[in-house]
Amino acid sequence: MEEKLSYTEAIQRAGDSFSRFPLIPIRGVPLMSYIANNWESIWAFRPDPSDILIATYPKAGTTWTQEIVDLLFHNGDAEACKRAPTPVRSPFLEIFSPPPIPSGLDYLKTMDPPRIIKTHLPFQLVPTGFWENKCKVIYVSRNAKDNMVSYFHFDSMNLTQPEPGPWEGYIRKFMQGELSWGSWYDHVKSYWIEREKKNILYLFYEDMKENPRREVERIVRYLDLSVSDEVISRIVELTSFKNMKENPMTNYSCIPAPIFDQSISPFMRKGEVGDWRNHFTPEQSKMFDEDYEKQMKDVNIPFRDII
Ligand code: PPS
């Protein structure tokens, strides 16, 4: 980060060096080549005990939760949370991109703790310092079918991710754990199994949609914050889908079209529960459910709206 460029300028400067990066496995988990090629420095990251980790499988509600936590840390001050786009305020731990775009680690180096850190890494790939330092970790999960639908549209518009290909084949890749960051099934299970031992707050996107206030209050209690009822109401309002879609600091309009082509699909796309019904045929749904039963038989995670 020698020359002082804004995030958007750095992305524009990187210009044509973007392409759909191939996936390279790290301990069996397929990751974008830029991440895999920098794996040692990611794995060596040491957080501060006060840092907060927001962990998700991609498209499960990360940005929403990042915004809630940033607003909580700023006592609901909307202007303070418009100081920069989401990835600058709340760095993406493992992200590496072509220069001169700073990596997630570069951003983290410039910030004082407590930092709000995003990751899509499955539990076993989270740098061990998070557990050794007893960092607070918020995991957000979303029902498999909606999560996959959202990921399919994202892979179409994010021109650094592998081509999604046709829908039918995408379902197969999802079931076989071949998408970036690997298997959804292993991901949601890995954090579920560890949640009590590691004091992880395990949230569900569907609960956040059903009663956002209740879930924001759970986050407040978990983070041991003192926030007034009025501020909580304001945060719930500021983080509604509509408001975040219109907010240039949360809607990823900071990332230009050669990378995120929002004319293909907006980042803030629908924000609904049950959109999978508009995508799966009854046959695809049946085939998916049968496989789901097998892959999830060893746990009882209370997902909703899946059948
Ligand atoms: S990413 O790229 O992995 O960080 O994406 P992520 O933020 O996890 O997920 C994006 C999906 O979350 C929806 N979203 C929201 N839904 C409801 N309320 C709010 N405030 C909100 N913010 C983001 C977003 O629209 C994506 O879901 P889909 O189903 O594609 O609309």
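**Close-up views of the ligand site and the nonpolar core**

**View 1. Helices around the ligand in the predicted model.** Three helices each supply at least two residues of the shell around the ligand: helix 4 (62-73), helix 8 (144-157) and helix 14 (241-246). Helix 4 gives the most, with three residues.

**View 2. The shell around the ligand.** The ligand is surrounded by 22 residues. Thr-62, Thr-63, Ser-150, Tyr-205 and Lys-270 are the closest. By class, the shell holds nine nonpolar, eight polar and five charged residues.

View 3. The ligand taken alone exposes 640 Å². The protein buries 98% of that area.

**View 4. The largest nonpolar core.** This core has 99 residues. Ile-138, Trp-184, Phe-288 and Phe-303 touch the most other members. Helix 8 contributes the largest share of the core, seven residues. Helix 8 also supplies at least two residues of the shell around the ligand.

**View 5. The surroundings of Phe-303.** Residues up to four places away in sequence are not counted here. Phe-303 touches the aromatic side-chain residues Trp-184, Tyr-202, Phe-204 and Tyr-292, among others. Its contacts also include Val-188 and Met-296. Ser-141, Arg-142 and Asn-143 are touched as well.

Technical notes: Residues numbered from 1 in each chain as written. Predicted model: local features only at pLDDT ≥ 70, side-chain atom pairs only at ≥ 80, totals over all residues. Heavy atoms only, no water. Near = heavy atom within 4 Å. Areas by Shrake-Rupley, 256 points an atom, 1.4 Å probe, with all protein chains shown as cover. Helix = DSSP H or I, 4+ residues; strand = E, 2+ residues; numbered from the N terminus. Nonpolar A, V, L, I, M, F, W, Y, C, P; charged D, E, K, R; others polar. Core = buried A, V, L, I, M, F, W, Y, C linked by side-chain atoms within 4.5 Å. Buried < 20%, exposed > 50% of the residue type's maximum accessible area, 1.4 Å probe, protein only. Contact = heavy atoms within 4.5 Å.
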